[in-house]
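Biologist: Please bring up the model so that we can go through it together. I would like to talk about charge pairs, helices and confidence.

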Amino acid sequence: MDNQSTTNLSFPEAVSVPESVTQLGYVFVPLLFILGVVGNSLTIAVMTSELFRTLPVSKMLITMSLSDTVVNLLFPFNKPFMSQLIGTDIRALSSGGCKLFFWTYRFAKTGSSWMVVMISFERFVAVWLPLKAKFITTERNVYIGIAVLYGVFAVFFGYWCSWADRVIDGSCVINSRPAGFEIQSETQPQRSTKSAGRSRTTIMLLSVAIAFVILVTPNAVAHIVSFVRKQEIFETTDPVMVFLREIVQILEQMNHSINFFLYILCSKRFKAGVIKIVKRKRDHTDTFNTNSVTLSK
């Protein structure tokens, strides 16, 4: 196979990342990883509580949080310093492992983006068709919608990864990339809402929509710029494009990490759910410690 026709998806050896940008990655990637995993885990806990579990939108937010968690778990392995730290590109340990990694990454990333679209539709129905909302956005229909979307993604990315991703010279590379699909899925221009005192939850989910557009649009713009300049964004040695790539990737990771904090800021009901879970955990810990001390006497 002609190596010139391949594209290293994450960190080709030819690219020299500016030291200042690398240092940004050292700080923000681990920080956003921790915030994302903890925040999404708490979101799932709140959405499965009695306070939210009956809302159809809770299923969408749980699905989005699970997808965001998977992206956060995999994202660091796309960064150069992680490969240098480990001493090898663990994605490239086998051809099957390379395909599985990028299938999972694309599956979760695209699923998260399209949950935004699904939540936006739910909000549209709730606001503009309130009398029909309880018949359209039922729990059953939500589950069917999620299953159909993720089923399509599973098949699509399974086909894509079966011929695109491979291991060459110790790195995962991709022979071609249907960038149009990826950009389309990343720039869906809404991350919408759901009610808990109606307008309050609408504001909560609208903030997620706004954050989504702000944080993900630069990534799409970077791909468009690299296409116009006839450069491969993941291989170019152009200092401007390298800098742009590293910054937009941090913004993209942030998109999968901050939703929990937006919910906290915009929804008193969500905040109450978090406080309730934390108090329950603390009371359980205090009870356990008290019993341990009693038994030791």
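Biologist: At 39% relative accessibility, does Glu139 count as buried, exposed or partly exposed, and what is the term for it?
Modeller: This is a predicted model. Buried requires under 20% relative accessible area and exposed requires over 50%. Glu139 has 39% relative accessibility, so it counts as partly exposed.

Biologist: Which side chain meets that of Glu139 in a salt bridge?
Modeller: Side chains of opposite charge can pair when their charged atoms come close. For Glu139 the N to O distance is 3.2 Å, and the cut-off for a salt bridge is 4 Å. The partner is Lys59.

Biologist: How many residues apart in sequence are the parts tied together by Lys59 and Glu139?
Modeller: Lys59 belongs to helix α2, residues 56-74, and Glu139 to helix α6, residues 139-164. The pair therefore ties together parts whose separation in sequence is 80 residues.
Lys59 itself has 10% relative accessibility, so it counts as buried.

Biologist: What are the relative accessibilities of Lys109 and Glu252?
Modeller: Buried means under 20%. Lys109 counts as buried at 8%. Glu252 is also buried, and its relative accessible area is 5%.

Biologist: Which helices hold Lys109 and Glu252, the two partners of a salt bridge?
Modeller: The closest N and O atoms of Lys109 and Glu252 are 2.7 Å apart. The pair ties together parts that are 143 residues apart in sequence, because Lys109 and Glu252 lie in separate elements. These are α4 (residues 95-128) for Lys109 and α9 (residues 239-255) for Glu252.

Biologist: How many salt bridges does a search of the whole structure find?
Modeller: Another pair is Glu122 with Arg123, at 3.4 Å from N to O, and both of these residues are buried. Over the whole structure the search gives six.

Biologist: What span does α6 reach from its first C-alpha to its last?
Modeller: Helix α6 has 26 residues. At 1.5 Å a residue the expected span is 38 Å, and the model comes close to that, at 37 Å.

Biologist: Which residues in α6 are buried?
Modeller: Buried again means under 20% relative accessible area. In α6 the buried residues are Val142, Ile146, Tyr150, Phe153, Phe157, Trp160, Cys161 and Ala164.

Biologist: Where does UniProt place the feature "transmembrane region"?
Modeller: Residues 26-48 are 96% helix and 0% strand, with end C-alpha atoms 34 Å apart. Residues 141-160 are 100% helix, and their end C-alpha atoms lie 28 Å apart. The unreviewed UniProt entry gives the feature at residues 26-48, 141-160 and 203-225.

Biologist: Which residues does Ser67 touch, not counting residues up to four places away in sequence?
Modeller: Ser67 lies in helix α2. With 6% relative accessibility, Ser67 counts as buried. Its contacts are Ala108, Gly111, Ser112 and Tyr150.

Biologist: In the protein chain, where is confidence lowest and where is it highest?
Modeller: The chain has a mean pLDDT of 78, and 77% of its residues reach 70 or more. Residues 1-15 have pLDDT below 50, although the model shows 47 contacts for this stretch beyond near neighbours in sequence. Residues 176-196 also stay under 50, with 81 contacts beyond four places in sequence. Confidence is lowest in strand β1 (residues 7-8), with a mean of 40, and highest in α2, at 95.

Definitions and conventions
Residues are numbered from 1 along each chain as its sequence is written. Side-chain values use heavy atoms; hydrogens and water are left out. Helices (H or I, at least four residues) and strands (E, at least two) are DSSP runs, numbered from the N terminus. Buried means under 20% relative accessible area, exposed over 50%, partly exposed in between (1.4 Å probe, protein chains only). The expected span of a helix is 1.5 Å times one less than its number of residues. UniProt positions are given in the numbering used here, feature names are shortened, and annotations may be inferred rather than shown by experiment. Contact means heavy atoms within 4.5 Å. pLDDT is the predictor's confidence in each residue, from 0 to 100.
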